[in-house]
Amino acid sequence: MQQVTKRACEVACADNELCRGVSYTDPTCTFIGDQVENVYCKGFNAATKVVSVKTEVCKDRDNITKDFGTDPCAEKLFPESTRIGEEGICPREYIIRGINETGTRITIDNDSNNVLSYDATRKLWKVHYAPLDHTYWLAAVSCAIPISTYNCGCDPLYLMDAGRFSAAEGGVKAYVGPDRVCEDPKNELMYWRFKNPPSQQEESYLGAQDAVNMHIVCQAGIWLLTTNDNSDGWQITNATCIAPFKL
């Protein structure tokens with residue numbers, strides 16, 4: 001079978017009761033049965049697939065890109081620039097690419113408040129954004145230069161739901177491109193952050209004075225609301241430009 005990452009191959013094995021291990025050569029995933037003694041560690045709950053009575057604990061990860069393989073949405077990876085244990089994981093010109101616990105390749109915004117650490121219990125890398133208590137669990141992670149075309153492009157940037165947020169009624173699409181977020185410089189920007197928790201009820205706003213100092217860009221499959229000087233940026237899923245009097 002074809003799997004995009006070794007991690008996805010291992011997760012598929014974990015879901016098959018006849019599989020006892022895997023052989024992975026990008027992108028070919030081969031299951032190994034009972035006749036071959038092998039071990040598979042399912043890191044997100046530290047369970048171990050075993051053959052007969054053989055057991056082995058999942059090993060700690062000591063290399064952030066060991067299982068990364070070839071990333072189709074990264075022009076180049078920069079593991080040496082990836083900071084662990086401090087706010088701001090990557091230099092500002094990069095984004096974060098990772099492989100999540102189910103083996104899917106994902107893009108994470110390079111928010112200046114993100115912190116990368118290692119969780120020895122789950123045997124996974126952890127990107128945590130404390131202001132909204134949002135966590136990504138990763139089998140591999142690295143700073144990267146993004147590719148944002150073809151299969152690495154973004155889905156449409158949707159308007160805010162006017163049925164849920166009355167101030168969005170009559171609003172227009174945000175501007176995607178350099179230097180601004182709204183075609184009309186007098187407009188405010190209403191937007192929704194990807195990291196908002198399920199309990200979040202309030203939208204976010206940029207006043208007209210702040211909006212002219214920001215821009216929206218697609219990077220490796222996610223929409224980023226970014227300062228024009230690239231000092232910070234974060235992922236958004238919805239945006240609407242509205243007249244100031246609607247606030």
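1. Strand β16 (residues 233-242) has 9 of its 10 residues buried (under 20% relative accessible area; exposed is over 50%, partly exposed in between; 1.4 Å probe, protein chains only), so the strand is largely enclosed by the rest of the structure. Strands here are DSSP runs of E with at least two residues, numbered from the N terminus.

2. This is a predicted model, in which local features need pLDDT of at least 70 and side-chain atom pairs count only at pLDDT 80 or more, while totals for chains, interfaces and linings use all residues. Residues are numbered from 1 along each chain as its sequence is written, and side-chain values use heavy atoms, with hydrogens and water left out.

3. Strand β16 pairs (DSSP finds at least two bridges) in the antiparallel sense with strand β12 (residues 188-193) over 6 bridges; Tyr191 has Ala239 as its bridge partner. Strand β11 (residues 172-173) is joined to β16 by 2 bridges, also antiparallel, and Lys173 is partnered by Thr240.

4. Strand β15 (residues 222-227) runs antiparallel to β16, with 4 bridges, and Trp223 stands opposite Ile236. The two strands form a hairpin with 5 residues between them, where Asn230 in the turn has a positive phi of about 60°.

5. The structure holds 11 salt bridges (a side-chain nitrogen of Lys or Arg within 4 Å of a carboxyl oxygen of Asp or Glu). One of them joins Arg97 and Asp71 at 2.8 Å, N to O. Arg97 lies in strand β6 and Asp71 in the loop between β4 and β5, 26 residues apart. Arg97 is buried at 3% relative accessibility, and Asp71 is buried at 8%.
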